[in-house]
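Here are my notes on the model, as numbered points. Please keep the structure open while reading.

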Amino acid sequence: MTLIDLHTHTTASDGSLSPAALVAAAQEAGLAAVAVTDHDSIAGLAEALAAGQERGLEVVPGVEISLQRPGGGSMHLLGLWVDPEDPGLNQGLAWLQRARAQRNPRIVDRLNGLGVPLTLAEVQAAAAGGQVGRPHFAQVLVDKGVAANRQEAFGRFLKRGAPAYVDKARFAPAQGLALLRAAGGLPVLAHPGLLDLHPAVLEELLRELKGLGLEGLEAYYSEHDPALERRLLGLAARLELAVSGGSDFHGGLKPDIRLGTGLGTLRVPAALLAGLKARRRRMLAGA
Ligand SMILES: [Zn+2]
Ligand SMILES: [Zn+2]
């Protein structure tokens, strides 16, 4: 069976391979196509598309954004075949990146207010020039002896509901779906299994999202077991949603997850591509 991988990250977000290196790795892995779907960023797409053209490998330009989840928290949405030049998409992603940059100083303020002496510079040093996130705060809290380990740092300070928690800025579902659609991106709910919802609740959520413009779901995913995969394929058929699949490859940052094969058993059939493309053509035609 010919395989593809429609969910990967590069150095444009929190992956460890450059876009060109990722495309090379996809070709070495024997994949027929690879989508580049960095978090809140399309900065890697031009390089990935050029590498794909050079190598004769199909590269799907994509992005992964977070949406507000009803009841709190987030859910992830992939946009496949987005236009990297779309002004609305560029503005929307710039807004998310500004919000992210404003979040970290607020976490520092909260920690200082709790009597924890910590500076943004220390956290940035822990991120070694990459995107700063809560794992880096946890690292500094451990290094300073404020928490015994990362888990304690999250539990006492950083997790949702803890005193130094600052919520992330996210799009409302309707807003995020419209943003991707307007940029030509086929909106696909990423890793529905990670939402950890009762089957009936997930089905209700998918119906709601479909009403707002969702076109597909990621049934094939590294951390979906075979039973869940079958259930999601059935759900997609019943709700008339397209099926996608990918590993969520991050390179060395998530070393267990391999490009294409995920934790070892992932198989995303290349035959899905035709269905996804047809679905997108219908979307663009307004059908
Ligand atoms: Zn995700
Ligand atoms: Zn991802």
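1. Start with the helix pair H4 (residues 120–127) and H5 (residues 134–143). In this predicted model, their axes lie 9 Å apart and the packing angle is about 110°. Angles of 65 to 115 degrees count as roughly perpendicular, so H4 and H5 are roughly perpendicular to each other. H4 contributes Glu 122, Val 123, Ala 126 and Ala 127 to the contact. H5 contributes His 136, Phe 137, Gln 139 and Val 140. By type, the residues of this contact are five nonpolar, two polar and one charged.

2. Now the domains. The protein chain is split into domain 1 (19–86 + 183–284) and domain 2 (102–158). The C-alpha centres of domain 1 and domain 2 are 31 Å apart.

3. Next, the nonpolar cores. Nonpolar side chains tend to be buried together in soluble globular proteins. Here the largest nonpolar core has 55 residues. Val 34, Leu 80, Leu 189 and Leu 217 touch the most other members. Strand S2 (residues 58–68) gives the most to this core, with five residues. A second, separate core has 14 residues, among them Leu 111, Val 123, Ala 138 and Leu 158. Val 123 also belongs to the contact of H4 with H5.

4. What does Leu 80 contact, leaving aside its neighbours within four places in sequence? The partners are Leu 6, Ala 35, Val 60, Gly 62, Gly 185, Leu 186, Val 188, Ser 244 and Leu 276.

5. Check helix H7 (residues 173–182) too. Its buried residues are Pro 173, Gly 176, Leu 177, Leu 179, Leu 180 and Arg 181. Note the arginine in that list. The cover over these buried residues includes strands S2, S3 (74–80) and S4 (186–189). It also includes helices H3 (87–113), H8 (199–211) and H10 (272–284). After H7 comes Gly 184, with a positive phi near 80°.

6. Two backbone angles need a second look. Most residues other than glycine have a negative phi. Asp 196 has a positive phi, near 55°, and is not glycine. Asp 196 sits in the loop between S4 and H8. Is Asp 196 buried or exposed? A residue with 12 or fewer C-beta neighbours within 10 Å is exposed; Asp 196 has 8 inside 10 Å, so Asp 196 counts as exposed.

7. Glu 240 is the other case. Its phi is positive, about 55°, although Glu 240 is not a glycine. Glu 240 is placed in the loop between helix H9 (226–239) and strand S6 (242–246). Glu 240 has 9 C-beta neighbours inside 10 Å and therefore counts as exposed.

Methods. Residues are numbered from 1 along each chain as its sequence is written. Chains are lettered from A and ligands numbered from 1 in the order in which they are written. This is a predicted model: local features need pLDDT of at least 70, side-chain atom pairs count only at pLDDT 80 or more; totals for chains, interfaces and linings use all residues. Domain bounds come from an automatic or database domain assignment. Axes are lines fitted to C-alpha atoms, for helices over the stretch in contact, and angles run from 0 to 180 degrees between N-to-C directions. Helices (H or I, at least four residues) and strands (E, at least two) are DSSP runs, numbered from the N terminus. Angles under 35 degrees count as roughly parallel, over 145 as roughly antiparallel, 65 to 115 as roughly perpendicular and the rest as oblique. Two residues are in contact if their C-beta atoms, placed from the backbone, lie within 7 Å. Ala, Val, Leu, Ile, Met, Phe, Trp, Tyr, Cys and Pro count as nonpolar, Asp, Glu, Lys and Arg as charged, and the others, Gly among them, as polar. A nonpolar core is a set of buried Ala, Val, Leu, Ile, Met, Phe, Trp, Tyr and Cys residues joined through C-beta atoms within 7 Å. A residue is buried if 20 or more other C-beta atoms lie within 10 Å of its own, exposed if 12 or fewer, and partly exposed in between; C-beta atoms are placed from the backbone.
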